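Colleague: I would like to learn how to read strand pairing and ligand contacts. Please walk me through a case.
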Amino acid sequence: MKKNTLKRQLIQTQDGSKTLLINDLNESYHSIHGALQEANHVFIKNGLNLINDYEINILELGFGTGLNVLVTFDEYLRNDKNHMIKYFGVEKYPIIFEEVSELSYSELFPNQIVKDLSLKIHETEWEKLVELDVNFHLKKIKDDFFNIKNMDLPPMDLVYFDCFGARVQPDLWEKEIFEIVADKMKTGGLLTTYSSKGSMRRALIELGFEVEKKQGPPGKREMLIAWKK
Ligand SMILES: C[S@@+](CC[C@H](N)C(=O)[O-])C[C@H]1O[C@@H](n2cnc3c(N)ncnc32)[C@H](O)[C@@H]1O
């Protein structure tokens with residue numbers, strides 16, 4: 001995917017939250033059935049909420065609009081900050097400030113702290129672990145997913161695998177990328193994704209993951225989670 005194919009347009013999804021659509025590829029950053037609902041279902045209900053440890057290192061592919069950071073932070077506040085979270089978001093093609101502001105993600109969260117973060121997370125320095133709250137740090141990494149293998153990262157408890165679909169980026173759903181990601185995960189770590197693609201499922205099983213099918217977010221029958229054994 002070349003940078004010049006990434007002309008984006010703002011669209012509204014069915015739960016009222018907005019997302020970006022890449023016109024030329026007809027591919028959106030989130031489900032058109034509901035961006036916020038999808039983020040909460042895939043990454044919180046079937047991700048963060050399944051991890052019991054106090055310290056949680058999260059790796060996200062890719063950071064995009066930052067919505068997954070916001071739902072994660074919102075959940076951290078709901079749980080009275082009883083986790084220590086370090087969040088690493090990898091992104092090669094950051095969105096621009098105009099897009100951040102048009103997405104109006106502050107409107108999705110009643111809590112003023114999360115509202116304020118909806119802009120702040122895009123202003124923080126790249127490549128630097130920044131404190132968003134006493135127990136919540138964010139590092140944005142501007143790089144290619146395949147370069148994760150060369151990154152100095154702590155062992156990950158949780159991976160938000162939120163790449164564009166295989167129709168537009170087939171190489172991101174094959175064994176090589178899952179091997180790279182698995183190498184950065186703790187034994188017992190969890191990978192969650194909105195997809196239920198067969199090639200991904202087979203690759204994860206080959207890599208020794210225990211894969212579970214879950215009910216998908218609105219508009220999607222199934223999704224997968226996978227535990228690293
Ligand atoms: C489905 S969207 C991300 C959605 C994001 N989690 C959000 O909530 O907005 C996929 C993201 O992967 C990024 N991306 C695509 N190819 C990449 C690559 N090879 N390396 C790093 N980032 C990439 C895109 O720019 C896009 O932001």
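Colleague: How many bridges join β2 and β3, and in which sense do they pair?

Modeller: Strands are DSSP runs (E, at least two residues), numbered from the N terminus. Two strands pair if DSSP finds at least two bridges between them. Here β2 (residues 18-22) and β3 pair in the antiparallel sense, over two bridges. L21 stands opposite S28 in β3.

Colleague: What is the strand order in the open sheet?

Modeller: The order is β1-β2-β3, with antiparallel pairing. β1 (8-12) and β3 (27-28) are the edge strands, each pairing on one side only.

Colleague: What should I know about the model itself?

Modeller: It is predicted: local features need pLDDT of at least 70, side-chain atom pairs count only at pLDDT 80 or more, and totals for chains, interfaces and linings use all residues. Residues are numbered from 1 along each chain as its sequence is written, and side-chain values use heavy atoms, with hydrogens and water left out.

Colleague: Which residues come nearest to the ligand?

Modeller: A residue is near a molecule if one of its heavy atoms lies within 4 Å of it. Of the 20 residues around the ligand, H30, G62, T65, E91 and D162 come nearest.

Colleague: Which polar atoms lie by the ligand's oxygen and nitrogen atoms?

Modeller: A polar contact is a pair of N or O atoms within 3.5 Å. A polar side-chain atom of H30 is 2.7 Å from a ligand oxygen atom. For G62, a backbone N or O atom lies 2.8 Å from a ligand nitrogen atom. A polar backbone atom of K92 is 3.1 Å from a nitrogen atom of the ligand.

How values were computed: A polar contact is a pair of N or O atoms within 3.5 Å; within protein, one must be able to donate a hydrogen and the other to accept it, and residues adjacent in sequence count only if both atoms are side-chain atoms. Helices (H or I, at least four residues) and strands (E, at least two) are DSSP runs, numbered from the N terminus.
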